[in-house]
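Subject: Structure handover

Hello,

Here is the structure for you to take over. My notes on what was found in it follow below.

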Amino acid sequence: MKKVINICFSTDDKFAELCTIAMLSIAIHTCKESFLQFFIIDNGILLSTKEKMLESLKKYNISIIFLNGVNVEEVLGRKINSGKWPIDVLKRLFISKLVPHSVKRILYLDCDILVRHSLENLYESNLENYYAAAVKDCISDTVRRKIGLLKGVGYFNSGVILINLEKWRKSNIEEQFLLFLKQHLDKLQYIDQDIFNGVLADKVKVLHPKYNVMTAMFNYSREDLMFYHNCNDYHSNEEFNEAHNDPTIVHFSSDLLSIRPWYKNGSHIYRDEWLLIRKRSFWKDEPLWDDKEDKMQK
């Protein structure tokens, strides 16, 4: 019997291309003895786009299941001003209600990633009594204080999260997310990420940074990154260098010093690898995107 690896993405129609390329990069590096079960939170994907996604991955040992996301404003009973972030980013916090109860753990991934090595070791990480596992983010104490984090408690990036669904369900974590959102709505800088950390930060296992190497880690030294972000809790020099030199997951997070690979003027160090995977997708002959990212926002 094949080993099943459950992975979740969340995307709209525009970013479905990036989601497909991310899935392809995973499938290419997964052994034939494993079966990939992708769950896609559907934030308005056209039927024709879904067909392109399925066509791109048809030769691999995978399944793709599209899920209707939770209407967070409806559940909360009020409108939410999510600032620069789309409201759909909150849907990832309700994964445990969306996937079948037979799924005991799931790996949530942002669409703007490239997987370079097998994810099987990551997926099989021992979660022990942890509710999730994730990679530390370089965040200032100001952001931590806004969401009530105590000194010494880690702050994690939400682009890669291995979720212990059994513990989320038993502890009704999603209700805790909603309560935290109500209490801190006007204080959230990184909306879903702040909620995740505000509720679970001391219950999250620290992953090696190679599993979520953000763009800034290629553009700055560890010391400069900690200085510019006023960050006092980060990875060791050894871990930082290992992640930088051979990432398992490249996370194309936005940064002023490089342009993400799907843009015509892309300049990221892993752009060529990303483009090679894109050539295996239905979008291989489509033009790359025009760069309209606001530099002040980055």
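**Salt bridges**

Glu-273 and Arg-116 are joined through their side chains by a salt bridge, with 3.0 Å from N to O. The term salt bridge is used when a side-chain nitrogen of Lys or Arg is within 4 Å of a carboxyl oxygen of Asp or Glu. Glu-273 belongs to helix α13 and Arg-116 to the loop between β5 and α5, so this pair ties together parts that are 157 residues apart in sequence. Helices (H or I, at least four residues) and strands (E, at least two) are DSSP runs, numbered from the N terminus.

Before going on, note that this is a predicted model, in which local features need pLDDT of at least 70 and side-chain atom pairs count only at pLDDT 80 or more, while totals for chains, interfaces and linings use all residues. Residues are numbered from 1 along each chain as its sequence is written, and side-chain values use heavy atoms, with hydrogens and water left out.

Arg-116 counts as buried because its relative accessibility is 16%, and Glu-273 counts as partly exposed at 32%. Buried means under 20% relative accessible area, exposed over 50%, and partly exposed in between (1.4 Å probe, protein chains only).

The structure holds 17 salt bridges. One of them is between the side chains of Glu-124 and Lys-3, at 2.6 Å from N to O. Glu-124 sits in the loop between α5 (120–123) and β6 (132–136), and Lys-3 in strand β1, so the parts tied together are 121 residues apart in sequence. Glu-124 is partly exposed, with a relative accessible area of 43%; Lys-3 is also partly exposed, with 35%.

Another salt bridge joins the side chains of Glu-174 and Lys-97, at 3.2 Å from N to O. Here the pair ties helix α8 (residues 173–184), which holds Glu-174, to helix α4 (residues 95–98), which holds Lys-97, and these parts are 77 residues apart in sequence. Is Glu-174 buried or exposed? Glu-174 is buried, with a relative accessible area of 1%, whereas Lys-97 is exposed, with 51%.

**Sheets**

Two strands pair if DSSP finds at least two bridges between them.

Ile-7 has Leu-107 as its bridge partner in β4.

β5 and β10 pair in the antiparallel sense over three bridges, and Val-115 has Ile-249 as its bridge partner in β10.

**Aromatic rings**

How many aromatic pairs are there? The count comes to 12, where rings of Phe, Tyr and Trp (its six-membered ring) pair if their centres lie within 6.5 Å; planes under 30 degrees apart count as stacked, over 60 as edge-to-face and the rest as tilted. Phe-218 and Tyr-270 form a tilted pair, 5.5 Å centre to centre with 55° between the planes. Phe-218 is in helix α10 (residues 216–219) and Tyr-270 in the loop between β10 (249–251) and α13 (271–278), 52 residues apart. Phe-218 counts as buried at 15% relative accessibility, as does Tyr-270 at 10%.

Phe-15, Phe-252, Trp-262, Tyr-263, Trp-274 and Trp-289 form one aromatic cluster. Trp-262 counts as buried at 0% relative accessibility, and Tyr-263 is buried with a relative accessible area of 7%.

Regards
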